[in-house]
Amino acid sequence: MLFTIAISLLYVEIKDSVLKRILGEILKSFWSEWELRLMVLVSLVLQFLLVYFGRKRKKYTGKWVPAIAISAWLIYLSADWMATLVLSTLLKGSTELQNGLLVFWTPFLLWHLGSPYNITAYSLEDNELWLRHFLGMVFQIGEAIYIYVRFRSNTALNAMALPLFMGGVIKYAERIWALRCASKKQLINYFYTSSTSKNPDESNVFDHKMIRTGLFDLPEKRDFVGDPSIAPEVKFLREAHLSFDIFKPLFADLPFQISQEFHEDMVYLKSRSADEAFNFVGIELEFLYDLLYTKNPIQHRQHRLSLIFRCICFLSVVSVLIAFSVLHKIDHSTVDTAVTYLLLVGAVYLEIYSSYMHFRSKWTMLRFAIPRTKLHKLYHWLVDYRLSSIPLKKGIKKMPQHDLIDYFVKATANRFTPVIKLIDTANLLQRFGNAKWKPVDIDLKKFIFCHLKEKRSKYEKEVLKLDYLDKLLGEKGDNVIKKKGLPLEYWKMESTDFTRRIFVWHIATTLVYYDDLDKHRRGTCDSFLEIGKSLSDYMMYLILVRPSMLPNGFSEMVNKETYDQVQRFFPQSTTRKNLKVSRKEFIAGLLQLPVVFIPLSSTGAIYEGVKFAKQLQSLVRDSALRWDDEEKWKMISEVWMEMMIYAASLCTWEEHAQQLRHGSELLTHVSLLMAHLGLSTQVHRLEKSPDDHSGGLPFP
């Protein structure tokens with residue numbers, strides 16, 4: 001922010017001489033005349049774009065995720081920079097604008113710097129830099145006050161600017177407060193609540209049981225969730241919100257304890273289906289996104305104060321719009337009058353839209369959609385359709401996929417690949433150009449949820465021993481092979497690098513998948529075949545596009561060496577071929593490689609992947625095992641599920657929170673499901689004796 005201010009001031013100082021030298025006197029005069037008008041309008045347009053992309057990046061999952069992320073980043077930076085630049089330009093004054101307009105336009109820039117309701121921070125780092133933003137706010141408000149004092153005049157515009165100033169300062173301060181509240185230090189402070197009730201008539205503190213470390217089962221909290229008068233949809237929302245409260249320390253990577261009651265109930269998931277469970281954790285992640293990147297939580301934490309501020313801002317801009325329409329004289333140019341109306345109408349629209357979204361947000365519904373007073377009943381009636389649809393949602397909708405073999409086939413068939421590789425040193429085309437998206441269907445959700453519940457059952461049989469949990473989460477698929485009665489030495493990896501393990505199993509899975517398709521072996525194994533392929537392609541996507549979510553490894557080196565190995569076996573094609581034909585030839589060529597030719601010490605993964613693919617296909621052909629294709633694909637799917645669990649257990653929640661900006665990842669949903677089921681080393685069950693009424697120790 002301070003750097004932006006410095007750059008803006010530098011621009012104002014040197015622009016005249018630079019423009020005259022580069023563009024000439026005529027163009028310099030044109031720019032001087034239209035500069036402020038254009039920049040103010042651009043600043044307003046950027047606010048509308050921020051609202052759009054702030055909403056889009058939270059919800060959207062699909063092939064345009066990188067484009068939306070880049071657009072949101074550019075617009076977020078440009079909005080602050082443009083508002084700061086206009087303020088700095090106004091500070092110097094303008095011979096083309098009357099002083100009244102200079103003063104009147106200034107508070108709109110404070111409104112713009114306050115940012116829309118749905119995007120206060122682009123990334124978590126912005127929250128940690130809240131103090132720098134605060135200093136920037138102090139400087140910008142001081143700048144605005146100086147402009148007001150220096151260019152004040154005896155006009156109605158001066159008086160009309162005052163309520164706009166007040167609204168602008170409120171919106172800017174609200175943004176800084178949201179950034180501060182979402183910083184890690186402040187979040188940790190909010191995780192812990194007092195163990196005493198707000199009602200002095202309530203029973204003794206020792207009667208209050210602990211829900212989790214720092215969160216107590218106070219009467220007001222029990223009534224909030226267990227109120228018999230609330231609708232089932234509201235109860236569902238409130239349970240999701242309480243669950244979000246319970247797991248807040250998890251989002252800061254802190255260990256904590258939860259009560260036996262909630263641990264045994266899997267924090268509201270024990271009796272839910274797979275669809276309901278995914279929907280439940282999806283709502284929790286929406287609450288988390290709002291907490292970290294928007295103004296929603298602070299507006300609901302102090303909802304009365306927030307309502308007062310919202311009314312002040314709305315009434316100030318509406319009253320000024322009416323006053324300007326009635327009182328202004330035709331002593332300004334038509335263009336300046338039009339720009340002023342656009343600024344006023346734009347501010348009114350943004351306030352109305354913000355209030356509308358606040359009105360229909362989950363934060364408002366879980367608090368006010370209750371049939372108590374006539375006002376509450378009216379609100380419940382107005383949001384009934386949206387409210388009733390929330391429990392029926394399916395949770396995460398799409399997941400990204402990356403088929404490495406498909407990319408190799410296309411790269412081999414493309415004559416321009418060597419040139420592209422020479423230019424694209426970061427492999428952007430491979431990472432993003434070859435990524436696809438597919439729906440997360442009910443079969444995959446059931447498979448994931450059932451597998452996690454089986455893990456939970458194993459954990460319970462071992463009396464919830466933490467050392468056993470570490471072993472359970474770190475199996476990486478070896479346990480599946482062992483359970484099937486297969487000799488582990490044939491499936492042993494030469495490298496301990498987890499990322500290379502993903503490459504090897506992905507290549508093996510993809511070869512088996514295409515081989516089965518080409519030879520019409522789908523049959524009854526269709527469900528497990530699609531699950532195994534989906535999980536394989538998803539984990540490969542994480543390797544190439546989201547490597548920070550996985551344990552550290554040599555993924556880039558393995559990827560490069562694997563591609564080089566492919567090039568040695570399949571030189572660049574000089575003739576045009578159908579991709580399907582090329583793929584069949586590619587698969588057949590790899591599967592025909594003799595095992596004795598495979599050097600297991602190689603960094604690349606193609607040789608070992610081919611070896612595993614042959615071993616997987618031999619399972620069905622081996623008469624002693626009596627396997628069919630369904631059994632084979634079930635094992636492949638379970639191996640991938642074990643690897644996903646291992647990756648989820650090691651990914652930090654700071655990294656999960658960062659990915660919420662991109663529509664959230666399936667791995668994040670799986671991690672939160674694991675936490676619900678107690679399959680996390682950060683979540684411990686509270687153990688206490690029957691005589692202990694203290695609610696548990698404050699820390700695990």
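1. Pro439 counts as exposed because its relative accessibility is 55%, where exposed means over 50% relative accessible area, buried means under 20%, and partly exposed covers what lies in between (1.4 Å probe, protein chains only). This proline is found in strand β5, residues 436-439, with helices (H or I, at least four residues) and strands (E, at least two) taken as DSSP runs numbered from the N terminus. Not counting residues up to four places away in sequence, Pro439 touches Lys397 and Lys398, a contact being heavy atoms within 4.5 Å. The C-alpha atoms of Pro439 and Lys397 are separated by 5.6 Å, although the two residues are 42 residues apart along the chain.

2. The model is a predicted one, in which local features need pLDDT of at least 70 and side-chain atom pairs count only at pLDDT 80 or more, whereas totals for chains, interfaces and linings use all residues. Residues are numbered from 1 along each chain as its sequence is written, and side-chain values use heavy atoms, with hydrogens and water left out.

3. On confidence, the average pLDDT of the protein chain is 85, and 87% of the residues score at least 70; pLDDT is the predictor's confidence in each residue, from 0 to 100. Over residues 200-206 the pLDDT falls below 50, and this stretch has seven contacts in the model beyond near neighbours in sequence. Residues 689-700 likewise stay under 50, and for them the model has 19 contacts beyond four places in sequence. Where pLDDT is low, the predicted coordinates should not be read in detail.

4. As to the chain as a whole, there are 33 helices and six strands, and 54% of its 700 residues count as buried. Among the contacts with a separation of 6 or more, 79% come from residues 24 or more positions apart. The accessible surface, by the Shrake-Rupley method with a 1.4 Å probe and, for residues, with only the protein chains shown as cover, comes to about 31900 Å², of which 61% belongs to carbon and sulfur atoms.

5. The second largest pocket has a volume of about 560 Å³, a volume being the space filled by probe spheres set on grid points that are joined across faces, edges and corners. Pockets and cavities are found on a 1 Å grid over the protein atoms alone: a pocket is an open set of points with protein on both sides within 12 Å along at least five of seven lines, a cavity is a set where a 1.4 Å probe fits but cannot get out, and lining residues have an atom within 4 Å of a point. This pocket is lined by 21 residues, of which Lys58, Lys59, Glu286, Gly395 and Lys397 lie nearest its centre. The elements that give two or more residues to its lining are α2 (25-59) and α13 (274-293), and α13 gives the most, with six residues. By residue class, the lining has six nonpolar, seven polar and eight charged residues, where nonpolar covers Ala, Val, Leu, Ile, Met, Phe, Trp, Tyr, Cys and Pro, charged covers Asp, Glu, Lys and Arg, and polar covers the others, Gly among them.

6. A search of the whole structure finds six cavities of 30 Å³ or more, and the largest cavity holds about 170 Å³ of space. Of the 16 residues that line the largest cavity, Gln47, Pro116, Lys171, Leu350 and Glu351 are the closest to its centre. At least two lining residues come from each of α2, α4 (99-113) and α16 (334-359), with α16 supplying the largest share, six residues. Nine of the lining residues are nonpolar, five are polar and two are charged.

7. Two residues other than glycine deserve a look for positive phi values. Ser115, in the loop between α4 and α5 (124-128), has phi near 65° and is buried, with a relative accessible area of 3%. Tyr268, in the loop between α12 (260-264) and α13, has phi near 75° and is buried too, with a relative accessible area of 13%.

8. Lys393 lies in the loop between α19 (384-389) and β4 (398-401) and is partly exposed, with a relative accessible area of 35%. Beyond four places in sequence, Lys393 touches Asp275, Asn279 and Lys362, while its C-alpha atom is separated by 9.8 Å from that of Ile283, 110 residues apart along the chain. Lys634, in helix α31 (residues 629-650), counts as partly exposed at 32% relative accessibility, and the C-alpha atoms of Lys634 and Ile531, 103 residues apart along the chain, are separated by 8.7 Å.
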